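Welcome, and please load the model in your viewer. We will go from one selection to the next.

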Amino acid sequence: MRDFFLFVMVVLTGLIGVYLYRVLQGPTIFDRVLGLNGISTKAIILLVVIGMVYDRAEMFVDISTGYALLNLVGALAVAKFLEQKGLP
């Protein structure tokens, strides 16, 4: 089972790398924001998988829930800022 979790962690890390490319090379600010949101989502899943590996899933689920809330608030703040920036 540990090998499966290791494989999942490697795949998630690769996906984070793909999103990181989108953040660095995104042609628009919206692509960069979506890339950051994707990185955060994959990091949340990665935290839960790490919790399963160390048999401390309850602690890592709590940490990932807090991180998800921070991601939501950050995404809403950026969206609000970009919405106001577009107004004359």
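A contact here means heavy atoms within 4.5 Å. This is a predicted model, where local features need pLDDT of at least 70, side-chain atom pairs count only at pLDDT 80 or more, and totals for chains, interfaces and linings use all residues. Residues are numbered from 1 along each chain as its sequence is written, and side-chain values use heavy atoms, leaving out hydrogens and water.

Start by selecting N71, which sits in helix 3 (helices are DSSP runs of H or I with at least four residues, numbered from the N terminus). Which residues does N71 touch? Setting aside residues up to four places away in sequence, N71 touches N37, S40 and T41. N71 counts as buried, at 17% relative accessibility, because buried means under 20% relative accessible area with a 1.4 Å probe and protein chains only.

Next, select helix 2, residues 29–53. Its 25 residues should span 36 Å at 1.5 Å a residue, and its end C-alpha atoms are 36 Å apart, which agrees; the expected span is 1.5 Å times one less than the number of residues. Buried residues of helix 2 include G35, S40, I44 and V49. Show helix 1 (2–25) and helix 3 (57–85) too, as both are among what covers those buried residues. Just after helix 2, click on D55, which takes a positive phi of about 55 degrees.

Finally, look for rings of Phe, Tyr and Trp (its six-membered ring): they pair if their centres lie within 6.5 Å, and planes under 30 degrees apart count as stacked, over 60 as edge-to-face and the rest as tilted. The count by this rule is one aromatic pair. Select F4 and F5 to see that tilted pair, 5.9 Å centre to centre with 50 degrees between the planes. F5 is buried, with a relative accessible area of 14%.

Key. Helices (H or I, at least four residues) and strands (E, at least two) are DSSP runs, numbered from the N terminus. Buried means under 20% relative accessible area, exposed over 50%, partly exposed in between (1.4 Å probe, protein chains only).
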